[in-house]
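User: I have a protein here that I would like to walk through with you. Could you take my questions one at a time?

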Amino acid sequence: MRNIFFSLELITILFFYFFGTHGLPVLFRTKQENKQVEQEIRQLQEEIVNLEQLIYAWKKYPFYKEKIAREQLQMACADENIYIISKH
């Protein structure tokens, strides 16, 4: 009788170990999700560094503001003409 009870208990424990809500498949899935989140964190940290460099350049160099205004916003001073050369 003890052997049967022990066998059933062992089977139950192994079942929950492999297929339970906190079993091995969930553990592997969680580790994979953690790797993806860590990769996203690294990418966002790099983006933050790039944005901080842009902010620094924007504050420090007035020429940078003019460059952005001319290139991205296609702005010019009052006495200037803008020529747009398009590639076909």
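User: How many positive and negative side chains does the protein have, and how far apart do the centres of the two sets lie?
Analyst: The protein carries 11 positive and 11 negative side chains, and the centres of the two sets lie 6 Å apart. Here Lys and Arg count as positive and Asp and Glu as negative, while His and the chain ends are not counted, and each charge is placed at NZ of Lys, CZ of Arg, CG of Asp or CD of Glu.

User: What sort of model is this, and how are residues numbered?
Analyst: This is a predicted model, in which local features need pLDDT of at least 70 and side-chain atom pairs count only at pLDDT 80 or more, while totals for chains, interfaces and linings use all residues. Residues are numbered from 1 along each chain as its sequence is written, and side-chain values use heavy atoms, with hydrogens and water left out.

User: What is the mean pLDDT, and which elements have the lowest and highest values?
Analyst: The mean pLDDT of the protein, meaning the predictor's confidence in each residue from 0 to 100, is 84, and 99% of its residues reach 70 or more. Among the elements, α1 has the lowest mean pLDDT (79) and helix α2 (residues 24-60) has the highest (93).

User: How many helices and strands are there?
Analyst: The protein has three helices and zero strands, where helices (H or I, at least four residues) and strands (E, at least two) are DSSP runs numbered from the N terminus. Its radius of gyration is 31 Å, well over the 12 Å that the globule rule gives for 88 residues, so the protein is more spread out than a compact globule. That radius is taken over C-alpha atoms, and the rule is 2.2 Å times the number of residues to the power 0.38.

User: What box do the C-alpha atoms fill?
Analyst: Taken along the principal axes, the box is roughly 100 × 35 × 15 Å.

User: And how much of the protein is buried?
Analyst: Of the 88 residues, 7% count as buried, which is to say under 20% relative accessible area, with exposed being over 50% and partly exposed in between (1.4 Å probe, protein chains only). In α1, the count of buried residues among its 18 residues is zero.

User: Where is E71, and is it buried or exposed?
Analyst: E71 is in helix α3 (residues 62-71), and at 53% relative accessibility it counts as exposed. The C-alpha atoms of E71 and L54 are 15 Å apart, although 17 residues separate the two along the chain.

User: What about A76 and I84, where are they?
Analyst: A76 lies in the segment after α3 and counts as partly exposed at 35% relative accessibility. I84 is also found in the segment after α3, and at 60% relative accessibility I84 counts as exposed.
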